[in-house]
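Open the model in your viewer and keep the sequence at hand. Each stop below says what to select and what is there.

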Amino acid sequence: MTVLYIDADACPVKEEAARVGVRHGLRIVFVSNSWMRLPDEPGVERVIVPGGLDQADDWIAEAVVPGDVVVTGDVPLAARCVKAGADVLGSTGKPFHDVGMALAMRDLKTQLREAGQIRESGPAFSKLDRSRFLQALESMVRAARRKSAG
């Protein structure tokens, strides 16, 4: 059965992810380093990992199996989950397929920021991003459920 994992610490689409997960009757697991308010919906679980760098990422990467869906903006976590066979979606609705390219771009942007060549962290999260996320998650969950059922 498909499980929906959300890397919750910096996730701007918690409500939307829960809504899609509930609609499909999924187990929905929010993983974070601290307590936070979560949607009060059936199937929603909270996992709080001990503080420390990448603890939530490690927990998710160790839990996912093929057929699961992960929501994260963390490129290294996305790479680990894709390698494990999970489908991974960013909060703007962009799926992680070519994780190698995403890792390379992340590293390049980090180097450019450190060198002072770029200062901004990217565009602000918009209503259009939220809408794209909902559509993409709906499609990804349907595909994952078909995959895990077959």
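Start with Ala79, which is buried at a relative accessible area of 19%; buried means under 20%, exposed over 50%, partly exposed in between, with a 1.4 Å probe and protein chains only. This is a predicted model, where local features need pLDDT of at least 70, side-chain atom pairs count only at pLDDT 80 or more, and totals for chains, interfaces and linings use all residues. Residues are numbered from 1 along each chain as its sequence is written, and side-chain values use heavy atoms, without hydrogens and water.

Now show helix α3, residues 75-83, which holds Ala79. Helices (H or I, at least four residues) and strands (E, at least two) are DSSP runs, numbered from the N terminus. Buried in α3 are Val75, Leu77, Ala78, Ala79 and Cys81. At the helix start, select Asp74: one of its side-chain oxygens comes within 2.7 Å of the backbone nitrogen of Leu77. After α3 comes Gly85, with a positive phi near 100 degrees.

Move to the largest nonpolar core, with 22 residues. Such a core is a set of buried Ala, Val, Leu, Ile, Met, Phe, Trp, Tyr and Cys residues joined through side-chain atoms within 4.5 Å. Select Leu4, Ile6, Phe30, Val69, Val71, Phe133 and Leu137, the members that touch the most others. Then colour β1, α1, β2, β4 and α5; each supplies at least two core residues. α5 gives the most, six. Apart from this core lies another, of 18 residues, among them Val47, Ile60, Val75 and Val88.

Methods: Polar contact = N/O pair within 3.5 Å; in protein donor to acceptor, adjacent residues only side chain to side chain.
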